[in-house]
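Please read them with the coordinates open.

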Amino acid sequence: MTGADGIRHWDRGERILWRYRDNDSGHVHICRPVTVVQDTDELLAVWMAPGTECVKPVLADGTPVHHEPLATRYTAPRTTVRAHWEGTGVLKLARPDEPWSVWLFWEQGWEFRSWYVNLEEPRLRWAGGIDSEDHFLDISVYPDRSWLWRDEDEFAEAQRVGLLDAGQALRVREAGKAAVEMIKAWGTPFADGWENWRPDPGWSVPELPAGWDRAPGPAKVRSR
């Protein structure tokens, strides 16, 4: 199906890549194969299944990034590794041009835990998936409608080492404030019942393809 903007929407059950570029080099350093749940002019919803093989950044010696002291976390040399997603799966929701995506997390047994607002660059859509750039600052939202900021220390450090300039940091903070207003109003997607969604039991776990870090191809591909 082709949307109003001429871009083909992915079909339910299609596999695509959800990727993030490094804030410094611009190279893809996070890649997650996902299954399309819904793709319309208003919303892209995808499912990252438990056990999915992903690409993630680590320090050059293989140490997890979050183990590095904050003062050198963004300046220590890095590389990427393949690793399987641990724990339960994640449902990711993204609306076109919004500078964030909303992720849903469950405990074992499908007990809903929380939403996570990941502040990020509006996603670039291409034939094989979407690309974005993480903006460090995040928000956790709970079923009782309470919320809190996440990773403010990393947001400040990213500015200190030059990964975000003053103008970018201001835009990210303003985006966060807009997301908070959406949370307070309990608008989309929090009021939409996605916490009751379940994946199709017939879906298998997508594989990480060769060329996962290839340059984005054109998004305006012909509808099938």
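This is a predicted model: local features need pLDDT of at least 70, side-chain atom pairs count only at pLDDT 80 or more; totals for chains, interfaces and linings use all residues.

The points below cover the nonpolar cores, a helix and the residue after it, a loop residue, and the cavity search.

1. Main core. The largest nonpolar core contains 36 residues. Within this core, L91, V117, F190 and W194 have the most contacts. At least two residues each come from the strands β3 (44-48), β6 (90-94), β7 (100-106), β8 (112-120) and β11 (134-141), and likewise from the helices α1 (152-160) and α2 (166-185). The top contributor is α2, with 7 residues. As general background, nonpolar side chains in soluble globular proteins tend to be buried together.

2. F190. Which residues does F190 touch, not counting those up to four places away in sequence? They are V102, W115, V117, V141, M182, I183 and E195. V117, like F190, is among the residues with the most contacts inside the largest core.

3. Second core. A separate core of 17 residues is also present, and V46, V90, F105 and I130 are among its members.

4. Helix α1. Four residues of α1 are buried: E154, F155, E157 and A158. Viewed down the helix axis, the buried residues of α1 fall within an arc of 165 degrees, so they line one face of the helix. Their packing partners are β11 and α2. After α1 comes G162, which has a positive phi, near 90 degrees.

5. Loop residue T88. T88 sits in the loop that runs between β5 (78-84) and β6. A polar atom of the T88 side chain lies 2.6 Å from the backbone oxygen of W106. Neighbours within four places in sequence aside, the contacts of T88 are P50, W106, E107 and Q108.

6. Cavity. How many cavities of 30 Å³ or more does a search of the whole structure find? The search finds 1. The largest cavity holds about 60 Å³ of space. Its lining consists of L43, L93, A94, R95, E98, W100, S101, V102, M182, T188 and P189. Both β6 and β7 supply at least two lining residues, and β7 gives the most, with 3. Two of the lining residues, V102 and M182, are also touched by F190.

Definitions and conventions. Residues are numbered from 1 along each chain as its sequence is written. Side-chain values use heavy atoms; hydrogens and water are left out. A nonpolar core is a set of buried Ala, Val, Leu, Ile, Met, Phe, Trp, Tyr and Cys residues joined through side-chain atoms within 4.5 Å. Buried means under 20% relative accessible area, exposed over 50%, partly exposed in between (1.4 Å probe, protein chains only). Contact means heavy atoms within 4.5 Å. A polar contact is a pair of N or O atoms within 3.5 Å; within protein, one must be able to donate a hydrogen and the other to accept it, and residues adjacent in sequence count only if both atoms are side-chain atoms. The arc is that of the directions from the helix axis to the C-beta atoms. On a 1 Å grid over the protein atoms alone, a cavity is a set of points where a 1.4 Å probe fits but cannot get out, and a pocket is an open set with protein on both sides within 12 Å along at least five of seven lines; lining residues have an atom within 4 Å of a point. Grid points are joined across faces, edges and corners, and a volume is the space filled by probe spheres set on the points.
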